[in-house]
Amino acid sequence: MVGIIGCPLGHSISPAMHNAAFKELDLDFEYVPLEVDPEDLGEALKGLRAMHFAGFNVTIPHKETIVPYLDEVTQLARRIGAVNTVLNQEGKLVGYNTDGPGFIDSLKEDAGFNPKGKKCVILGAGGAGRAVAVSLSQNGSELISIYDIFSEKAEKLAEYINGAVVKDLQKEIAAANLLVNASPIGMQPNIDDSPLPENIKLHQKLLVYDLIYNPPETKLLHLAKKAQAKAISGLGMLVRQGALAFTIFCGKTAPVEIMWQAAREALSAEA
Ligand code: NAP
């Protein structure tokens, strides 16, 4: 048995995606959603251990608070400061982060974009922004600038990855190869909102990657397409972080196409 812990979990499409992959490979696993309130996290982990769960995913609001409860955390997860996948190794809980590597896989596989030597602007310095910034930095991006409405957060993250805080958003976007939205602005139900001020112009040579996957085309991605920039939604990152977690859980290569299909179907069923 595997699953996902978070709160609230109503919107999660991970069970559909993982169960389709287990079925495809004929594996005797089941993936269940487990809603866990923040104050119950410690007790819930004891329960998962007692029930011999093979592993589980972790989502909002537990990605950071789970770290002290784990027996071991990989170097990357520690650097990102968040865990989204846990493997139960005979009672020892080991924490991983597949969000960052999933984002890089999606950039390379879905967008054909190699971040090495590229200039990147990240909007949002929360958990997802941190995973993206650390991963871009590890993958050799030349300049990473961070923009957050809470400027202290942006400063802290920029310092951590040896990047910079955005000083002139228009100028930096004009010089950038990649713009990532790691803020929640534009998510359902606020689909008419954009994380960018209205006067900001995008350009044709820019790749705009929105971590949001619901709606499939955010206002930001709509504006990117209008400016003839390349526009990619966060569904690819969701699928690819899931594929990496799948391999951690069962040791098999994930059937990525099946996971894509199940994720798209679950998303359109929700709409
Ligand atoms: P979070 O911890 O709340 O962080 C979001 C950050 O963005 C906060 O620091 C927030 O500041 C800041 N922000 C808000 N409005 C902004 C704006 N207009 N410009 C710049 N920064 C702004 O959320 P998160 O967990 O990092 O998640 C962020 C988004 O990524 C969500 O939409 C989530 O669904 C998505 N995500 C997608 C995947 C995937 O697999 N596709 C994985 C993880 C996350 P304040 O705190 O001051 O509001």
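Where does P8 lie? In this predicted model, P8 is found in the loop that runs between β1 (2–6) and α1.

The relative accessible area of P8 is 55%. Because exposed residues are those over 50%, P8 is classed as exposed.

P8 and E35 are 27 residues apart along the chain, and their C-alpha atoms are separated by 6.4 Å.

## Packing of α1 and α9

Helix α1, which covers residues 14–24, packs with helix α9, which covers residues 235–250. The angle is about 50 degrees, and the axes lie 10 Å apart. Helix α1 is therefore oblique to α9. The crossing of these helices, α1 and α9, is right-handed.

On the α1 side, the residues in contact are M17, H18, A21 and F22. Their counterparts in α9 are L238, V239, Q241, G242, A245, F246, F249 and C250. Sorted by class, this contact of α1 with α9 comprises nine nonpolar and three polar residues, with no charged residues.

In general terms, a disulfide is a covalent bond that joins the sulfur atoms of two cysteines. How many disulfides does the structure hold? The number of disulfides in the structure is zero.

Notes: Residues numbered from 1 in each chain as written. Predicted model: local features only at pLDDT ≥ 70, side-chain atom pairs only at ≥ 80, totals over all residues. Heavy atoms only, no water. Disulfide = S-S within 2.5 Å. Axes fitted to C-alpha atoms, helices over the stretch in contact; angles between N-to-C directions. Helix = DSSP H or I, 4+ residues; strand = E, 2+ residues; numbered from the N terminus. Parallel < 35°, antiparallel > 145°, perpendicular 65-115°, else oblique. Left-handed = near helix turned anticlockwise from the far one by under 90°. Contact = heavy atoms within 4.5 Å. Nonpolar A, V, L, I, M, F, W, Y, C, P; charged D, E, K, R; others polar. Buried < 20%, exposed > 50% of the residue type's maximum accessible area, 1.4 Å probe, protein only.
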